[in-house]
Amino acid sequence: MSDTTVRSTVEEHRFPCDTCGSDLRYLPGTGRLHCDHCGNEEDISETGPWAGAIAELDFRTAIERRLPEQEIEETRVLSCPNCGAEVEFQESVHAKECPFCATPVVTDTGTHRHIKPKGVLPFTLDEGEARKAMTDWLGSLWFAPNGLQQYARKGRRLSGIYVPYWTFDAQTQSAYRGQRGTVYTTGTGDKKRTKVRWRNVSGAVARAFDDVLVLASRALPRRFTDALEPWDLSAMEPYQPEYLAGFRAEAYQIELTDAYTTAREHMDAVIRRDIRFDIGGDRQRISSVNTKVSNVTFKHVLLPVWMAAYRYNGDSYRFVVNARTGRVQGERPWSIWKITFAVLLAVLLAGLLGYLYALSETGAI
């Protein structure tokens, strides 16, 4: 499989307007579907097979491949020849543009079988608000090329994409051994020295982890998506396909077991912090930790981003906007002319300051 798979929910989940029959789309920041053709709006139903609480799934059952078949779905995909992304569209569609790198996608079709989403964090920012956030961010960057800023302001539509994540819950009990350090001083004056007195300690800490978030995509650099946090997961809704109408949803490529390894790294770091707090004193050393993990559950969730992939002067630039908060991250563009001008200006300023200093030393000024 290639790096990522995207399923097009525009084609997968079509909701016809009761008034004119055109396709409805989810209206960001509302609980409604909107028809661009006639303006009709319809509320998203709170009943049906997707309604109710966001259910957690048992981790052990999943890795043993014993999940019920209704928790699994299969999608068909097209592969991007440039970045390796896989994008799903209707079988009748033979060419589309990759939302991740703006390259036309025309290759063979494959399939992807995966665990269905359980929760979705709906879009609240519309495309216009996301574009403003992106252009404001570009405008705040030092040495960004003016042409790219102008191109972004006048450019193509942004793509609304739901990015896949895993969340993990777990109970942990950790027994530890270590040392508590007490700082003290000896001597006086120039002979004053700081020393640490160490004492062996042992103990146990417990923590309940809730919604440890792990990115399940390889389409975007993790440094981008991490910088989009925090996400208001408390506002997450039970998955309903209506929330995806008019958007795309990327399918996960980080498998559940690999994601759990990442989640455990996060948990272990938090546990070690808890242990240091429990040891107390001025300094802490941890010799050993034995953690027992129980009641591990997970869910597959979708979080919203607006994304732009621009080709400018032969180079590709990607920008992502948190569709809840407006926080922006992207590939850093540089203007060689601006950098050159800034360097020359700095050299001239340094020369002028040096000249004025020399004059002051000779008493000329």
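Me: Does phenylalanine 59 count as buried or exposed?
Reply: Residues are numbered from 1 along each chain as its sequence is written, and side-chain values use heavy atoms, with hydrogens and water left out. Buried means under 20% relative accessible area, exposed over 50% and partly exposed in between, with a 1.4 Å probe and protein chains only. Phenylalanine 59 has a relative accessible area of 7%, so the residue is buried.

Me: How many aromatic pairs does the structure hold, and what geometry do the rings of phenylalanine 59 and phenylalanine 168 have?
Reply: Rings of Phe, Tyr and Trp (its six-membered ring) pair if their centres lie within 6.5 Å, and planes under 30 degrees apart count as stacked, over 60 as edge-to-face and the rest as tilted. The structure holds 11 aromatic pairs. In the pair of phenylalanine 59 and phenylalanine 168 the ring centres are 6.2 Å apart and the planes stand at 75°, so the geometry is edge-to-face.

Me: Which helix holds tyrosine 260, the partner of phenylalanine 59 in another aromatic pair?
Reply: The rings of phenylalanine 59 and tyrosine 260 form a tilted pair, with 4.5 Å from centre to centre and 35° between the planes. Phenylalanine 59 lies in helix H2, so the pair ties together parts that are 201 residues apart in sequence, and the helix of tyrosine 260 is H6.

Me: Which residues does glycine 160 contact beyond its neighbours within four places in sequence?
Reply: Glycine 160 is found in strand S12 and, at 10% relative accessibility, counts as buried. Phe123, Tyr162, Phe247 and Trp306 form one aromatic cluster. With contact meaning heavy atoms within 4.5 Å, and with neighbours within four places left aside, the partners of glycine 160 are Phe123, Phe247, Arg248, Val305 and Trp306.

Me: Which strands hold lysine 299 and aspartate 211, whose side chains meet in a salt bridge?
Reply: A salt bridge is a side-chain nitrogen of Lys or Arg within 4 Å of a carboxyl oxygen of Asp or Glu, and lysine 299 and aspartate 211 meet at 2.6 Å, N to O. The pair ties together parts that are 88 residues apart in sequence, because lysine 299 lies in strand S16 (residues 283-312) and aspartate 211 in strand S13 (residues 193-215). Lysine 299 is buried at 4% relative accessible area, whereas aspartate 211 is partly exposed at 23%. The strands asked for are S16 and S13.

Me: What is the N to O distance between arginine 131 and glutamate 127?
Reply: Arginine 131 and glutamate 127 both lie in helix H3 (residues 127-140), four residues apart, about one turn of the helix. Both residues are buried, and their side chains meet in a salt bridge with an N to O distance of 3.7 Å.

Me: Where in the chain is confidence lowest, and where is it highest?
Reply: The chain averages a pLDDT of 81, and 71% of the residues score at least 70. Over residues 1-12 pLDDT stays under 50, although the model has 59 contacts beyond four places in sequence for them. Where pLDDT is low, the predicted coordinates should not be read in detail. The lowest mean, 41, belongs to helix H1 (residues 9-12), and the highest, 97, to helix H6 (residues 256-279).

Me: What share of the residues in the chain is buried?
Reply: The chain has seven helices and 18 strands. Among contacts with a separation of 6 or more, residues 24 or more positions apart account for 75%. Of the 365 residues in the chain, the buried share is 45%.

Terms used:
This is a predicted model: local features need pLDDT of at least 70, side-chain atom pairs count only at pLDDT 80 or more; totals for chains, interfaces and linings use all residues. pLDDT is the predictor's confidence in each residue, from 0 to 100. Helices (H or I, at least four residues) and strands (E, at least two) are DSSP runs, numbered from the N terminus.
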